[in-house]
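Could you walk me through this model stop by stop? I have it open in my viewer and would like to know what to select next and what I will find there.

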Amino acid sequence: MASIYIETFGCQMNEADSRYIADRAVAAGYEIASDATRASVVVLNTCTVRDNAERRAYGRMSHFKALKVADPSLKLVVCGCLAEQDRDRMQKTVPYLDAVFGTSELVRLGDALAQWRPAFGDPTDETSELRALVQPLGGAADCVSDAYSHLRSFVTVQRGCSYYCTFCIVPHVRGRFDHRPMAEILGDARHAIAAGTRELTLVGQTVNAYRDPANGADFPDLLEAVASLEGLDRLTFLTSHPKDFTPKLARTLGTLPSLNPRLHLPVQSGSNPILRRMNRKYTVETYEAKIALFREHCPDWVLTTDLIVAFPGESEVDLEATLALCERMRFAQAFMFVYSPRRGTPAAHWEQISAEVGGERLRRLADVVNAGMRELHQSKVGSVMRALVQGPSRKDPSKLAAKTTENMTVVLPNPGLDEAALIVRPWLDVRIEGAHVWGLTGTLRGIAERFDAVAESVAAPSLDLIAAN
Ligand code: SAM
Ligand code: F3S
C-alpha cells in the first residue's frame, strides 16, 4: 500500500500546508504513515525563520538518506520555506532528494503525489527488512494524522506577508500578502466542521490585515461569518499584528462567544528604538493602548505574545524596557527567541550581539515571563477547566494531554477511556490540582461532545459504559 510520512517544522502556516499535502495524498490513494521507515514517500516541510530550524531540517535530510539507500524506490521530498530559499543549494548538496517544492508549489506537490502513486505496490519483504534495519530513526514524528488530528483544523486565510520586519525571512520566502476570497475560506471551514472538527483555527502570518479581494470585507467581518456557520464548536486565529488591531476587532472579539478566549499579539520588544529598527510600525504606548481596549471588551481573555532579545543594537536599557513591559502585561504565554540573522534581511547586515549575551538575556526574560505564567497557572488550581483532548501524553502515554481554550496544556491520568470514546466526547472537564510553568495537571471529572454541552460524569459506573460504546 502506498503511504506517506510528513514531518513538519515551523509555524501554523506549515502546519496548514502539511494538512493540505495529507489531504491530497489521501485523495490520491495513500495511507498516512506514522513512521518514516514504512512510507513510500517522505515529505519534510521545512522552516527557515531561525538558524536552528534550518540546521534541523538539513539534519533530518541526512538522517533520511539511510532510508533512501535501503530502498531506492522511496521518494524523498522537501518543501516549505527552506526549500524556497535554498532550492539550488539543496539540489547540489543533497543530491538524493527526489523533489524540492517551494512555498507556492503545493498544488504541484499534490499533483506529483498522484503521479507517483501507481508506482507503489505493496512493499516486498526484502525492502521492508532492509528498512527495518535502519531503525531506530529517532526524532518525534510530527505526523499530520493521528486518531485525534481531525478535532483541530486549520484554514488558511492569507498567504505571505507584506510588512517586512527587518529580522524576518517570511516575506522573502512566502511573498507579499495574498488574501483568499471569503467564500473559499467559508467553504473550507464548512468542510472541516462536517468532518468533525471541534476547534477551527484561521491561520495566516497577519490574519487581522485580512481583506477579501472580492468585496473588501475585513477580518472582523470574516470572524463574524465563520462564527455563524452551523455546527461550529470553537473558533480561534493566529497570528495577529498589533498595527492592525482595531477598535472594531476588539468589539467583535467581545461579541462572539464561540471564540477561544486567547489573543496572540506578538510585541517582539518593549523598547521604542528597537521596535523602530525592527520596522514593527507601532510603539510600546500604542501597543499598550490597544491591549487596554482589548481588555475592556474581553476581560476574561488571556494575552500571549512573541519576543526577541539581542536584536542588533539592543542595549541593557532596551532589554530592561522589555522586561518591564512583560511585568506590566502579564502574558499568559510568550514564545521567546534570541535574534537569529537571516540571509537577505536588513538586520543581518547590522552589528550583531554575541551568542553569550543573547543566551543570558533570554534567561533573564524567561525568568520574568515564567514567573507570570506560573502565577497564572497557580490561580487555576481548584477550578474545573474544559480542555480539548490531544491524545496520549508524549512523556507518559498512560496519561492524556489536552489544551484549554486559553491554550494551556493539561496533563491528567486516563481513567481507562479508549480512543473511540475520546473522539466522540473530546472535551474533558479537568479538576486542576497542579500548576507548573509548562501547564497544569489534574483529574478527569467529565467528558462532553461539544464545548457548550453538559459533561457526562466519568465516575466509576458510567466509565465502563462509555468505554464500551
Ligand atoms: N507574523 C507574526 C508577527 O506578526 O509577528 C510572526 C511570524 S514569525 C514566523 C514568528 C515569530 O518568530 C515572530 O513573531 C518572531 O518573534 C520570531 N522571529 C522571526 N524572525 C526571527 C529571527 N530572525 N530571529 C529570531 N526570532 C525571529
Ligand atoms: Fe514576519 Fe513581520 Fe510579517 S514578523 S511574518 S514580516 S509581520
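**Stop one: a helix pair**

Helix α11 covers residues 284-297 and helix α12 residues 316-329; they pack at an angle of about 10°, with axes 12 Å apart. Axes here are lines fitted to C-alpha atoms, for helices over the stretch in contact, and angles run from 0 to 180 degrees between N-to-C directions. Helices (H or I, at least four residues) and strands (E, at least two) are DSSP runs, numbered from the N terminus.

Now show the side chains: Val284, Tyr287, Glu288, Ile291 and Arg295 of α11 meet Leu325, Arg328 and Met329 of α12, where contact means heavy atoms within 4.5 Å. By class, this contact has five nonpolar, no polar and three charged residues. Ala, Val, Leu, Ile, Met, Phe, Trp, Tyr, Cys and Pro count as nonpolar, Asp, Glu, Lys and Arg as charged, and the others, Gly among them, as polar.

A note before moving on: this is a predicted model, in which local features need pLDDT of at least 70 and side-chain atom pairs count only at pLDDT 80 or more, while totals for chains, interfaces and linings use all residues. Residues are numbered from 1 along each chain as its sequence is written, chains are lettered from A and ligands numbered from 1 in the order in which they are written, and side-chain values use heavy atoms, with hydrogens and water left out.

Step back to Asn279, in the loop between α10 (272-278) and α11. Its phi is near 60°, a positive value in a residue other than glycine. Most residues other than glycine have a negative phi, and most peptide bonds are trans. Next, pick Thr239 in the loop between β10 (234-238) and α9 (247-255); the peptide bond from Leu238 to Thr239 is cis, with omega near -10°.

**Stop three: the three-stranded sheet**

Colour β6, β9 and β10: they form an open sheet in the order β6-β9-β10, with parallel pairing (two strands pair if DSSP finds at least two bridges between them). Strands β6 (152-156) and β10 stand at the edges with a single partner strand each, so one side of each is left without a neighbour in the sheet. Five bridges link β9 (residues 199-203) and β10, and Leu200 has Leu235 in β10 as its bridge partner.

**Stop four: the five-stranded sheet**

Which order do the strands of the other open sheet follow? Its five strands run β2-β1-β3-β4-β5, with parallel pairing. Strand β1 (residues 3-8) is joined to β3 (residues 41-46) by five bridges, and Tyr5 stands opposite Val42 in β3.

**Stop five: ligand 2**

Finish by selecting ligand 2 and its surroundings, which include Cys161, Cys165, Cys168, His241 and Arg280 (a residue is near a molecule if one of its heavy atoms lies within 4 Å of it). The shell divides into eight nonpolar, three polar and one charged residue.
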